[in-house]
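Please have the sequence and the coordinates at hand.

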Amino acid sequence: MFSLDTIIRENVKELQPYSSARDEYVSDGSTMVFLDANENPYNNGVNRYPDPQQRSLKTVLAEQKGIASENILLGNGSDEVLDLLFRAFCEPNVDAIISLPPTYGMYKVLCAVNAIENKEVLLTKEFQPDVAAILNTVTANTKILFICSPNNPTGNTISKNKISELLTNFKGLVVIDEAYIDFSEDESWVTELINYPNLIITQTLSKAYGMAGIRLGICIASAEIISVLNKIKPPYNVNELTQKKALERVIDKKSIATEVQNILKERDSLKRALQGIFYVKEIYTTNANFVLVKVDDATKRYNQLLEKGIVVRNRTTQALCENTLRFTIGTTQENNALIKALNELV
Ligand SMILES: *Cc1c(COP(=O)(O)O)cnc(C)c1O
């Protein structure tokens, strides 16, 4: 049985959260007089502290995702959300997490920053989790398993059955990083929240939503898990400008859908063009806004592209990714520039 109580760090269990002036009363344009937070009273749009609970934004997101606001924590990018998970549940120099390379680099970085052991269990050749090997790696101090789906840098979706098996058999927290979910035809794991008390989903406005610059990460989990994270988050971790911009954007579902459709069309064109290039050895299946490609010599091709002013990602040093490059899908113009350059390489 999963028990959140055995996962939370002792100091976090005992912690009384800092109660900020704006926790009780949010400036909502009412006639109340706010003399509680030592702000400058002259209105310039940002002279007041932002809502620490981002209520307006959460209300819209909760409705769109079919969950309650209590199931959402927002952060300064997913990076802050992931860091909060480490700080809430992983005891430095004692606990461990499991990550599944080749995958997103931040899990490893956060292990180093928080003095947590990173137990790495490679994905299979098909870039799927080796469930038996993962479960064999679990110890009493293994707190979190990170699964990225669609996975970065490989682009594929992780098998639903394998994730279910892991959610059922691992007694720690399972974080599914869905940064690229809006490019995928697969359903989000958000609908499974009620079935798995140990499920945590992270999403972001940085990719499909086109808002990498405002830094807005989303954590979706049980109300119990969210309340633990709320205890330790900095009170004003999502600033006023970000909350405003995010709200404007998330209600504009049509623009987001159009851009995603365009990106997927461009992805198809790029894949077709890649098929005709002599040094391209493999084009991997992708459900994201990038494509991983195996070439004859990734570092050579990377440098040749750089000389032509095109920056791609060389993933050759990653496990199972020898001689691969990762191409983000750009605008039609940018993709045509990439295809032209790729065709000129000798
Ligand atoms: C890009 C990316 C993110 C986004 O992180 P933010 O801090 O929200 O910008 C998260 N996870 C993965 C796997 C990513 O590739």
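Tyrosine 180 and phenylalanine 290 are both buried, where buried means under 20% relative accessible area, exposed over 50% and partly exposed in between, with a 1.4 Å probe and protein chains only. The model is a predicted one: local features need pLDDT of at least 70, side-chain atom pairs count only at pLDDT 80 or more, and totals for chains, interfaces and linings use all residues. Residues are numbered from 1 along each chain as its sequence is written, and side-chain values use heavy atoms, with hydrogens and water left out.

**Aromatic rings**

Rings of Phe, Tyr and Trp (its six-membered ring) pair if their centres lie within 6.5 Å; planes under 30 degrees apart count as stacked, over 60 as edge-to-face and the rest as tilted.

| Pair | Centre to centre | Between the planes | Type |
|---|---|---|---|
| Tyrosine 180 and phenylalanine 290 | 5.0 Å | 80° | edge-to-face |

Phenylalanine 86 belongs to helix H4 and phenylalanine 146 to strand S4 (residues 142–148), so this pair links distant parts of the chain, 60 residues apart. Helices (H or I, at least four residues) and strands (E, at least two) are DSSP runs, numbered from the N terminus. Phenylalanine 86 is buried, with a relative accessible area of 0%; for phenylalanine 146, also buried, the value is 1%. Phe86 and Phe146 form one aromatic cluster with Tyr104 and Tyr107.

Tyrosine 180 lies in the loop between strand S5 (173–177) and strand S6 (199–204), and phenylalanine 290 in strand S9 (residues 290–295), so their pair ties together parts that are 110 residues apart in sequence. The charged end of arginine 326 sits over the ring of phenylalanine 290, 5.6 Å from its centre. Such a charge is NZ of Lys or CZ of Arg within 6 Å of the ring centre and within 35 degrees of the ring normal.

**Helix H4**

Eleven of the 13 residues of H4 are buried, so the helix is largely enclosed by the rest of the structure. The buried residues include Gly77, Leu82, Phe86 and Phe89.

**The sheet**

Seven strands make an open sheet of mixed pairing, in the order S1-S7-S6-S5-S4-S2-S3; two strands pair if DSSP finds at least two bridges between them. Strand S1 (72–75) and strand S3 (117–120) stand at the edges with a single partner strand each, so one side of each is left without a neighbour in the sheet. Strand S2 (residues 96–99) and S4 pair in the parallel sense over three bridges. Alanine 96 has threonine 142 in S4 as its bridge partner.
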